[in-house]
There are 2 protein chains.
Amino acid sequence: MSTPTQKSVILVSGGLDSATTLALAKSQGYACYALSFDYGQRHRVELQAARQIAESLGVIEHKFIHLNLDNIGGSALTDSQIQVPVSGLSKQQIPVTYVPARNSVFLTLALAWAEVLSAYHLFIGVNAVDYSGYPDCRPEFIAAFEKMANLATKAGVEGHPFKVHTPLIHLTKAQIIQEGIRLGVDYSLTISCYQPTPEAYACGVCDACRLRGDGFRALGVADPTRYKC
Amino acid sequence: MSTPTQKSVILVSGGLDSATTLALAKSQGYACYALSFDYGQRHRVELQAARQIAESLGVIEHKFIHLNLDNIGGSALTDSQIQVPVSGLSKQQIPVTYVPARNSVFLTLALAWAEVLSAYHLFIGVNAVDYSGYPDCRPEFIAAFEKMANLATKAGVEGHPFKVHTPLIHLTKAQIIQEGIRLGVDYSLTISCYQPTPEAYACGVCDACRLRGDGFRALGVADPTRYKC
């Protein structure tokens, strides 16, 4: 539990995991500042979801950073020439939906804002159990990031170390949803799909849709996502 | 020395240090990709300098990333409400020109592009001798970043570790200039000033101008920068 005056910056994508992470940070008494990225993702409708989630959970401020990662490409999520896979995950390979260095980029920008806010707690909804095989969702990455952050910043050097909180990292998708339901997260506001329609209907077959659907099914709870078929 | 096929991504700001770093990477045989940032800096005219430098040194590609760091603020370089100091550096304090987490942000974006290019060498012109007291210019920061980068990325995980090169880190400003002259860098193209005029005339009194001027004076070489007074 934090004291009510402790500030935190939470990465909010518009998906299920980050919504739950925000709810958890709030339940622990942090003053919450939400950060979202318009990075050229094909599923940009998630930003509208992010806005509604942050509002519904009463954040103090919600900032959007614009960043043309589509100029870099290299991922099915930022390059329209690469198709989003729909045939299921293989644990052997890092999938083409991996966005090069995305969590590092997002966390360093969260760090930048956190330093300006004097917020020494960063929250990110990464998950190392029911995950997509992304290297930047693992505990060892988070530990290395935290160490780097405290050498990189004025705050870190002057005795205000940053802590990166990953409350979901060892939970299954079903456990995450259970936690969110307990905290009153409105999952109908969230969108997980990598290739939703412009009206925010989910495809139901991409990796993100599969992981989400499996989580709700395992828990025996109806998924309020609107699927296009 | 690298083999001619080894690719590198070099952060090019438009200043003296990064121009020298690019020249050094080229002289070592790397295939050079330049990366610059339009991050809402008040000295945005440096981007025109960056373009000319990269062109003069024959890079393979020069990419510009747009990033609204002025939306975050917290620095005299990104917040027009904070004045650029002109009364000289104090080694006791990190100055207000420090941009929160800037080098971490820039390096993670360089990492993202490098991964797409299969370029495992990043170059950054940080300097720990004649520097401005920024925490993210120190060797311990660079080492921590490199470790983080190799846990964050698909390439790092799959056996292609990234190396962050900091060829200037232990040089004085005079030694950097000497090295650049040896390599044929045209310093008249570079701009170091934190608050240049729109026509790219340097103020001559900010920390960056002072460090640059001292370097040229120590070497007994004329500084080709155009000063406004």
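Me: How many residues does chain A give to the contact with chain B?
Reply: The model is a predicted one. In it, the contact draws on both chains, with 38 residues coming from chain B. The number from chain A is 38.

Me: Which element of chain A gives the most to the side that touches chain B?
Reply: Elements that give two or more residues to this side are strand 3, helix 3, helix 4 and helix 5 of chain A. The side divides into 22 nonpolar, 10 polar and 6 charged residues. With 10 residues, the element that gives the most is helix 3 of chain A.

Me: In what order do the strands of the open sheet in chain A stand?
Reply: The sheet has 5 strands, and the pairing is parallel. Strand 3 and strand 5 of chain A each pair on one side only, which makes them the edge strands. The order is 3-2-1-4-5.

Me: What angle does the direction of helix 1 of chain A make with that of strand 1 of chain A?
Reply: Helix 1 of chain A packs on the sheet and touches strand 1, strand 2 and strand 4 of chain A. The angle between the directions of helix 1 and strand 1 is about 170 degrees.

Me: Why do the buried residues of helix 6 of chain A line one face of the helix?
Reply: The buried residues of this helix are K173(A), I176(A), I177(A) and G180(A). What covers them includes helix 1 and helix 7 of chain A. They line one face because, seen down the axis of helix 6, they fall within an arc of 95 degrees.

Key
Residues numbered from 1 in each chain as written. Chains lettered and ligands numbered in written order. Predicted model: local features only at pLDDT ≥ 70, side-chain atom pairs only at ≥ 80, totals over all residues. Buried ≥ 20, exposed ≤ 12 C-beta atoms within 10 Å, placed from the backbone. Helix = DSSP H or I, 4+ residues; strand = E, 2+ residues; numbered from the N terminus. Arc of directions from axis to C-beta. Contact = placed C-beta atoms within 7 Å. Nonpolar A, V, L, I, M, F, W, Y, C, P; charged D, E, K, R; others polar. Pairing = 2+ DSSP bridges. Axes fitted to C-alpha atoms, helices over the stretch in contact; angles between N-to-C directions.
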